[in-house]
Amino acid sequence: MRNWTENQITLVFIRHGETLANNERRYLGKTDESLSEKGIEILKSYKKQKLYPDVKYLFTSPMKRCMDTAKIIYPTLCPIVIPEWEEINFGRFEYRNYEELKDDVQYQSWLRSGGTLDFPEGESRKDFILRCKSGFIRMCNELSRDVGQNAKKPSSVGMIVHGGTIMSLLSLYGGNDYFDYQVSNGRGYVCRLTGVNDKKTQEAHIQIKVVAEI
């Protein structure tokens, strides 16, 4: 990332639309599920209400539910895929809900920890946040390359991702707790990205401030 972060840039974080698993309150991570018909209709309704800000650049997770959402909300933009923004791997909890897990000893331990324990046979929150961070740096590098080619500073960037990705990046760069940034399907945050990058780390002094909810 170059020093175009000295100027404020609008980041639009949008969680993908609803899937069947979301409706059934299942832990949906590595399962590559498409949007449900209900989820598609809700997104179209939100778009008709002009809920989503216009963006110049668009980035997305590679998973179907995010790619499908991007096509509905920003049909004229070709999104750049960030592989590191796949949802967290829930391990043994994957695609199961509370009713199916409530008698599981490991699940009860995870709940008592406030969601801080690693997912059994899955991914730790720490590793997931670091993965999302790597994806954010990849996105910034993509923007820098475009700035170099076009000599124009980016002003608005859309990010169609997962709830966990939003919580990871905003807790990392926004200063609040991980679960403070929970958001429902099809909703999100309008933020300001500010800062000046260190030439060596390409990530120093980055700040993301939420200015509005979608």
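The largest pocket in this predicted model has a volume of about 870 Å³. Its lining runs to 30 residues, and those closest to its centre are Arg-15, Tyr-27, Phe-90, Met-167 and Gln-182. A pocket here is an open set of points, on a 1 Å grid over the protein atoms alone, where a 1.4 Å probe fits, with protein on both sides within 12 Å along at least five of seven lines; lining residues have an atom within 4 Å of a point. The volume is the space filled by probe spheres set on the points. Helices α1 (20–23), α5 and α7 each give at least two residues to this lining, with α7 supplying the largest share, three residues. Helices are DSSP runs of H or I with at least four residues, and strands are E runs of at least two.

Asn-185 sits in the loop between α7 (163–174) and β5 (188–194). Asn-185 counts as buried because its relative accessibility is 15%, the cut-off being under 20% with a 1.4 Å probe and protein chains only. Its side chain makes a polar contact (N or O atoms within 3.5 Å, one able to donate a hydrogen and the other to accept it) with the side chain of Asn-22, at 3.2 Å. The Asn-185 side chain also reaches the backbone oxygen of Gly-17 at 3.5 Å.

As for α5 (residues 105–112), Asp-104 caps its N-terminal end, with a side-chain oxygen 2.8 Å from the backbone nitrogen of Gln-106. Just after α5, Gly-114 takes a positive phi of about 75°.

Residues are numbered from 1 along each chain as its sequence is written, and side-chain values use heavy atoms, leaving out hydrogens and water. Local features need pLDDT of at least 70 and side-chain atom pairs count only at pLDDT 80 or more, while totals for chains, interfaces and linings use all residues.

Definitions and conventions
Buried means under 20% relative accessible area, exposed over 50%, partly exposed in between (1.4 Å probe, protein chains only).
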